[in-house]
Amino acid sequence: MSLLIKGQLRSNWLAAETEDGEFIRQDSQFRHWITPDGAPGPSGEGGFAAEPDRYHLYVCLACPWAHRTLIFRALKGLGDLISVSVVNPYMLDEGWNFHPYPGSTPDQVNGFEFLHQAYTLADPEYTGIITVPTLWDKKRRTIVNNESAEIIRMFNSAFDAFIDRRSDYYPKDLRGEIDLVNERIYENLNNGVYRCGFATEQTAYERNYEKLFDTLDWVEERLSRQPYLAGDQITEADWRLFTTLVRFDAVYYSHFKCNRRRLIDYPHLWEYTRELYQVPGVAQTVNMDHIKTHYYGSHKHLNPSGIIPRGPDLDFSSPTTRNPGRRN
Ligand SMILES: N[C@@H](CCC(=O)N[C@@H](CS)C(=O)NCC(=O)O)C(=O)O
């Protein structure tokens, strides 16, 4: 693991900062927004107008946060407008890197060997961890934003002038409901799995484990009454949950000890996950090899041998009684 302190790399830093055995996730620091005309967004500076071929995404295919941005890029048809580099799934001493690995790419934009080089180019005094996703501006040669929740909002609407697919995953009339659902799911599921897996005290692990499975029960019940988290249409809340669910049985259940039940034991959640997986463009964003290799191979404090389990056999493309992408 690595982190930068005033632009200097410290590579022996152990994963998680904890307090009372609780994993504490650091806030993302680059918070500018791409907007249709370059006007400032809700945070950061202006000057980042939506333009074809100006922006570049650095992602890891294993990372659930980066995965959200790839899904939005696919759903909104932004593939020709926003280029992508895929890091090597092993995050070891110098952090994310572009060393060759099947399904990874070099850094086609800056030619960097390590992602931390993008952070120090953007801010030579940067202090913090180096995370994916990172949204890069090729024109100003700086980082626009490294917070996935904000990047998907930009992708949802900022480029609409250039594309045909005007689908809106954060519609005005559902924003209140989406925000409420997101908050609970972020806390107890998206980040909740990490809070179980990176807990360093038994009580912290158990507290987060209970919250996690209470929340899965709550979602299961909700999906028995309505097709999607915010009602009748797929919204960003569903995509934010999907990237956690698709990793659940292969990684979180065993590696992070989230093992009361598997995803496939929840009838509605399992159908729902497969329906989302089968929405056109989404399956191509899921890479189980990168997912398993990253978690089991990079977290040496949790899995010192680095052995990557072969199973489980999961078939996200098996038919579902739900209708893939029926709405939105
Ligand atoms: N809040 C960030 C979190 C991103 C994040 O934590 N990404 C992980 C990979 S799953 C990472 O890059 N971690 C690097 C590290 O912990 O050193 C977001 O949602 O964009």
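These legends describe close-up views of one predicted model. Local features need pLDDT of at least 70, side-chain atom pairs count only at pLDDT 80 or more, and totals for chains, interfaces and linings use all residues. Residues are numbered from 1 along each chain as its sequence is written, and side-chain values use heavy atoms, without hydrogens and water.

**View 1. Helix α6 crosses helix α8.**
Helix α6 spans residues 202–225, and helix α8 spans residues 267–277. Helices are DSSP runs (H or I, at least four residues), numbered from the N terminus. The two axes come within 8 Å and cross at roughly 75 degrees. That makes α6 roughly perpendicular to α8 (65 to 115 degrees). Axes are lines fitted to C-alpha atoms over the stretch in contact, and angles run from 0 to 180 degrees between N-to-C directions.

**View 2. Residues of α6 meet residues of α8.**
From α6 come Leu216, Val219, Glu220, Leu223 and Ser224. From α8 come Pro267, His268, Leu269 and Tyr272. Contact means heavy atoms within 4.5 Å. By class, this contact has 6 nonpolar, 2 polar and 1 charged residues.

**View 3. The ligand sits among 16 residues.**
A residue counts here if one of its heavy atoms lies within 4 Å. The closest are Arg25, Cys63, Trp96, Glu147 and Ser148. The shell divides into 10 nonpolar, 4 polar and 2 charged residues.

The protein buries 90% of the 520 Å² that the ligand exposes when taken alone (Shrake-Rupley method, 1.4 Å probe).

Conventions:
Helix = DSSP H or I, 4+ residues; strand = E, 2+ residues; numbered from the N terminus. Parallel < 35°, antiparallel > 145°, perpendicular 65-115°, else oblique. Nonpolar A, V, L, I, M, F, W, Y, C, P; charged D, E, K, R; others polar.
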